[in-house]
Structures are given as structure tokens and as C-alpha cells.
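Here is a friendly walk through the model. Have the sequence and the 3D view open as you read.

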Amino acid sequence: MAGRYPQGDFFDFESELPQEEKQILYKVREWARESVLPIAVDYWNREEFPHELIPEIQDLNIISLVRGQGRSRLLAGLVAAEIHRADGSVGTFFSGQDGLFTGSIELLGSEEQKERWLNDLYAVRKTGVLAITEPEAGSDVAQGMRTTAKKVDGGWVLNGAKRWIGNATFSDYVAVYARDPEDEQVKGFIVDTSSEGYSATLMKNRIAIRAVQNADIVLDNVFVPDDCKLEHANSFKDLNKVFKSARSTVGWQAVGTQMGALDVALDYVDKRKQFGKKISSFQLNQNKLATIQGNLVASESMMAQLARMEDRGSARNEQSALAKAFTSKLMRESVALGRELLGGNGLMTEYRMAKIFNDAEAIYSYEGSYDINQLVTGRAITGESAFV
């Protein structure tokens with residue numbers, strides 16, 4: 001490719017990282033390109049998870065390097081983006097492990113619980129996912145949660161169902177949030193997936209992040225000991241602390257997805273010829289490429305500023321919500337333009353763009369849909385709630 005910006009970092013965000021953090025990012029980028037990218041389409045087509053990558057993730061020690069040593073949030077975001085750039089499914093596994101599940105323990109667990117679980121989770125010796133969405137409750141799950149947790153001697157008994165729980169078919173643990181009928185508050189629990197009464201069934205026929213093993217979970221009188229009840233997870237307001245962090249992560253996923261779309265589009269237009277010329281020289285195509293690049297820069301700019309605010313401890317929930325909504329909306333336009341640039345080949349997964357196009361729909365929808373995050377922002381700037 002003859003262009004000056006082969007990495008797509010048009011505004012040089014990486015220059016803000018100290019050299020040590022740059023080396024971590026480059027290490028992740030090299031692994032993603034050499035190990036993840038070559039197999040991603042095949043596993044996506046087969047709707048199977050590439051389990052052979054987990055030992056490589058363990059060897060890379062990504063989570064501990066990024067999260068365990070006081071690194072910047074910008075590095076954490078760029079690392080998440082880089083993995084999503086290669087594959088949304090592996091990126092979702094990584095973000096679910098590192099953000100939603102570990103975040104539940106980091107933000108809502110006791111010191112003893114953190115000491116018990118986090119080291120194995122950071123090292124990916126154990127895996128975990130978060131379970132909040134239900135068959136009949138998505139955006140309204142705060143009010144409509146039907147899964148219950150009843151206090152009994154020595155612990156709690158969980159009953160109910162969860163849906164769209166990524167990789168719950170093979171994870172060691174699930175962070176289940178359930179309603180306590182005694183006080184009608186949502187509480188959090190770490191459930192061992194080997195527990196009697198727990199079952200997870202793979203959801204078939206999905207069109208996005210197909211290598212992620214999204215599952216329907218059934219909890220049938222699952223006993224959870226008292227020491228597996230997250231000490232500080234006692235209301236939906238507590239859970240919102242996890243969502244605030246997760247929405248930021250999803251914003252970086254949208255950045256990485258646009259990076260991947262730009263990579264594919266630039267490579268394709270550089271090689272494809274029509275009317276005796278490379279199609280990269282056509283004005284209409286350059287306009288589409290410039291729009292994708294502009295969307296990517298705008299998304300990355302917002303996320304970089306949010307990362308700085310997170311490092312200062314000043315980021316608020318509504319700012320994370322706006323970032324997730326805004327970046328995912330721009331991502332949707334970017335991948336649509338990328339698909340247009342590939343023409344009919346943009347419908348074939350072997351050219352990668354069709355896979356990226358479909359994966360973007362999941363990012364647009366999860367961790368709070370676009371509409372809900374817009375309403376969270378609207379409530380913040382008007383003082384009026386448009387939903388319960």
C-alpha cells in the first residue's frame with residue numbers, strides 16, 4: 001500500500017503513550033495479526049470459538065500487563081481496539097473477561113474476593129462472563145428482572161434464565177445478577193458453572209460475532225455460598241458502576257472495528273482494477289475512504305479524552321453512554337461504506353468485510369443499545385428522564 005498511514009492512526013494517538021506502553025501495544029498488534037487474523041473468518045463461518053488462542057493469551061499476559069501495573073486507560077483502550085481490529089469475536093471474549101467479569105469483582109467484590117479470584121482471571125487461567133440480559137428483559141432489565149436470588153442458610157438459591165451470555169458454554173464462572181424478593185433489589189453472585197442446576201445452551205443462527213458462544217442460561221435451584229455473593233453488589237445502582245466501565249470498552253471496540261474495516265477497504269481498492277485503473281484512484285472511492293477515516297478519528301478522539309478522564313477519576317456514566325452511542329453510530333456508517341467499496345465481494349466472508357459488517361451490529365446493540373445510551377445522555381443534559 002502506497003499511503004502514508006498504513007496503521008490508520010491518522011492523528012497519531014499512539015504518540016501519547018510512553019515507550020513502554022507502546023511496546024505492549026505493538027506486541028498485542030503483532031499477535032493479533034499473526035495468530036488471530038488468519039483464522040478468524042474460518043471460525044466465524046463455523047460458529048466455533050478458537051480455543052487454541054487461550055494459551056497464547058495466557059503467554060502474552062495481556063491483562064496483567066495492561067491492568068495490573070498502573071498502565072494508562074489509553075493503552076487499555078488501544079489494546080482492546082487492536083484485538084477487535086483483527087476479530088470481533090476474540091475481541092469480545094477478551095473484553096468480556098477483562099471488563100465485564102473482572103470488573104464485577106474489582107468494583108463490587110470484597111478484598112478477600114478480589115484476592116481469591118482476580119489473579120487467575122488476569123492470567124486467564126480461569127474464565128468468566130457476566131449474565132444480566134434475560135429472555136424477556138433487555139433494556140428494561142433493571143425493572144423487569146425475573147431471575148431471583150432467595151436467601152437460605154449458608155447462601156442463596158438462584159432461579160431463572162439469562163440470554164445472550166457470551167462464551168457461557170465453556171467459562172469457569174458466571175457473574176449472575178438476580179433480584180432478591182425480600183427487598184426487590186438486584187444483587188450479584190459468582191456462580192461456578194459446574195454447579196448443580198446450571199446449564200448453558202448455545203444459541204444458533206446468529207449473524208454477528210459468530211465465534212462467540214452466546215448461550216441461553218438456565219438456573220434451576222442453583223445454590224451459591226455466602227462467600228460467592230459479591231459483597232458490594234446490592235442494587236442495580238451498584239451494577240451501573242460495571243456498565244460505566246463496560247460502555248467505555250465497547251467504544252474502543254467500535255474504534256477497532258472501524259480500523260479493521262479501513263484495513264480491508266484500503267487493501268482491496270489498492271489491488272482491484274476497473275477500466276484499466278486501480279479503484280483507489282476513483283474520486284467516489286476516495287470520498288468513502290476519507291469518510292471512514294474521519295469517523296475513525298472522531299471516534300478515537302472521543303475515546304482518548306474519555307480515557308484521560310477515567311485516569312483522573314472524573315468520568316461519569318452519561319459520558320460513557322454518549323461515547324458508546326456516538327462511536328457505534330459512526331462505526332455503523334464506516335462498515336457500510338466499507339462494504340460498498342468491495343461491491344459484490346463485500347457480501348463474501350472470505351473478503352472479511354461482510355464479517356466486519358455483521359459484527360458491528362452486535363457492538364451497536366450490546367452494553368446498552370444506541371437508543372438507551374442516547375436517552376441516558378438526554379437525561380443528563382435536560383434533567384428529565386424519558387424512561388423509567
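## The β4–β5 hairpin

In the hairpin formed by β4 and β5, 4 residues sit between the strands, and E184 takes a positive phi near 65°. D180 stands opposite Q185 in β5. The two strands run antiparallel, with 8 bridges joining β4 (residues 173–180) to β5; strands count as paired if DSSP finds at least two bridges between them.

Strand β5 (residues 185–192) has 6 of its 8 residues buried, so it is largely enclosed by the rest of the structure. Buried here means under 20% relative accessible area, with a 1.4 Å probe and protein chains only.

## About the model

This is a predicted model: local features need pLDDT of at least 70, side-chain atom pairs count only at pLDDT 80 or more, and totals for chains, interfaces and linings use all residues. Residues are numbered from 1 along each chain as its sequence is written, and side-chain values use heavy atoms, leaving out hydrogens and water.

## The overall fold

The protein has 12 helices and 9 strands, taken as DSSP runs (H or I, at least four residues, for helices; E, at least two, for strands) and numbered from the N terminus. Its radius of gyration is 21 Å, close to the 21 Å that the globule rule gives for 388 residues, so the protein is as compact as a globular protein of that length. That radius is taken over C-alpha atoms, and the rule is 2.2 Å times the number of residues to the power 0.38.

Buried residues make up 54% of the 388 residues. Along the principal axes, the C-alpha atoms fill a box of roughly 75 × 45 × 40 Å.

Notes:
Buried means under 20% relative accessible area, exposed over 50%, partly exposed in between (1.4 Å probe, protein chains only).
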